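Here is a friendly walk through one protein chain and its ligand. Have the viewer open as you read.

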Amino acid sequence: MKQYFQLIKDPRFRLVQNDHRPFIDGPAPRRVRLNREGFAMVPGVKKKTLVSPGTLLAEHPSPDKGDLHSPIYGVITEINARSVFVDAMDPAEAEPGAFPPLPEPADLLRQGLEGEELVSAVKKLGVNTRSLGRRAKTLIVNALNPEPGVRWAEPMLVEHADEIRACLELQRRFRRADEILLAVPTGCSVRFSGIRAVEVEPVYPNSVNELLIKEVTGEEAPPDVAAVGLHNVWSLGRVALTGLPLTETVITIGTASNWANFVVKNGSLVGELLEFLHISLQNGDTILRGGPLRGESLDRLDRSITKGAYGFFVVNAGEVPPIEGDSACVNCGACIVACPTRIDPRMLSRYAEFGKYNMSRKENFRLCVDCGLCGYVCIARRPVLQYIRLAVKRLEEEERLAGLTPLEPVGKA
Ligand code: SF4
Ligand code: SF4
């Protein structure tokens, strides 16, 4: 029996709402901020360089991490260790030929590329292939919304069916899996030719890839099964259909009372999105990149929607009790009961709180699937998930420096 059974009865943890609203195009950005950590800037791309949509800005040394392209016409105004800023410009107001030519579309669906050659072509177009599933006997496409409050999965299955079909075709050609399954919410009638569908109860945390695999196969962490989220499927499908670099993402933007699904340019500033939606922040409001349960709170309006972000939420002051960074654990055990992987978030959070990261090893911290339920149930409002993420990051860094195999990052949905 699931230990988190009390939570899954909570209607707020349902992942389908049967409220399909069309996708809306986000605003044309005046400025974008693109994450360049770990990327090498392309020679000649520097401050004051003019760029066009799809211009290659930076490459990632990892063969499975997508390269970085400009989503807009503009001029590079700043490059620092973490970000590249591009200020929008109207090409009609510039000298003819001032901007680089738009990239030629690559016809991935007809080129006949397969295997690693195809993976490499896709990486050059900005798609993270690592998140598209490791080599496995069975690959499960996770078509559940990643967490409560995020709502693009059901309409995406219908409105963006062409992108999904195109991605499935490329997935077959990656030759990473013998069989591809589609995990859909119970009662969903959407099907794709040649892909077996499996229905899964749409309650959180079933949408977390590791837990979805267990729901579908009945086994914990079977070695020959992998999962990929619908968001990543959409990204690859978009590139397959357009042949152009990936410069957009799908997000749900919401508050407690209102929400909509958008297609926005990567790097869109959250301040510009709030302005576009006529949302004025009040004292004490929190803005979250990601979902309401495990998103990261942002401290400035010039933070941006990063590639792969699937939501952007405003939590109004007083809506939920705030997290208390210095709150002591009262040993109630609620987080242990809630944890779907049966580890001890209470001890993990304490070790991280006092900088004893190595102690996390004996608590099987690698089994954490970043679901956020421990923090949600904590009556002391401790930042349990954030402590665990900190420990994972520190240990990951330690292992990288020691030349050991890096850990799988948390928060993979
Ligand atoms: S975030 Fe990790 S530790 Fe916390 S409940 Fe989920 S799996 Fe358990
Ligand atoms: S829920 Fe919070 S207070 Fe209770 S044991 Fe876990 S960390 Fe401690």
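## A buried glutamine

Let us start with a single side chain in this predicted model. Gln171 counts as buried because its relative accessibility is 4%, and the cut-off for buried is under 20%. Gln171 is part of helix 4. Setting aside neighbours within four places in sequence, the contacts of Gln171 are Leu132, Leu139, Ile180 and Val228.

The largest nonpolar core holds 49 residues, and the members that touch the most others are Trp152, Leu157, Phe192 and Leu230. Several elements each supply at least two residues of this core, including helix 2 (115-124), strand 9 (136-142), helix 3 (153-159) and strand 17 (311-315). Helix 4 gives the largest share, 7 residues.

Which residues does Leu157 contact, leaving aside its neighbours within four places in sequence? They are Ala143, Ile164, Val184, Cys188, Val190, Phe192 and Leu230.

## Domains

The protein chain is split into domain 1 (27-93), domain 2 (110-242) and domain 3 (334-401). Between the C-alpha centres of domain 1 and domain 3 the distance is 35 Å.

## Around ligand 1

Ligand 1 has 13 residues around it, and those that come nearest are Cys339, Cys368, Cys371, Gly372 and Cys374. Sorted by class, this shell has 10 nonpolar, 2 polar and 1 charged residues.

Definitions and conventions:
Residues numbered from 1 in each chain as written. Chains lettered and ligands numbered in written order. Predicted model: local features only at pLDDT ≥ 70, side-chain atom pairs only at ≥ 80, totals over all residues. Heavy atoms only, no water. Core = buried A, V, L, I, M, F, W, Y, C linked by side-chain atoms within 4.5 Å. Buried < 20%, exposed > 50% of the residue type's maximum accessible area, 1.4 Å probe, protein only. Helix = DSSP H or I, 4+ residues; strand = E, 2+ residues; numbered from the N terminus. Contact = heavy atoms within 4.5 Å. Domains from an automatic or database assignment. Near = heavy atom within 4 Å. Nonpolar A, V, L, I, M, F, W, Y, C, P; charged D, E, K, R; others polar.
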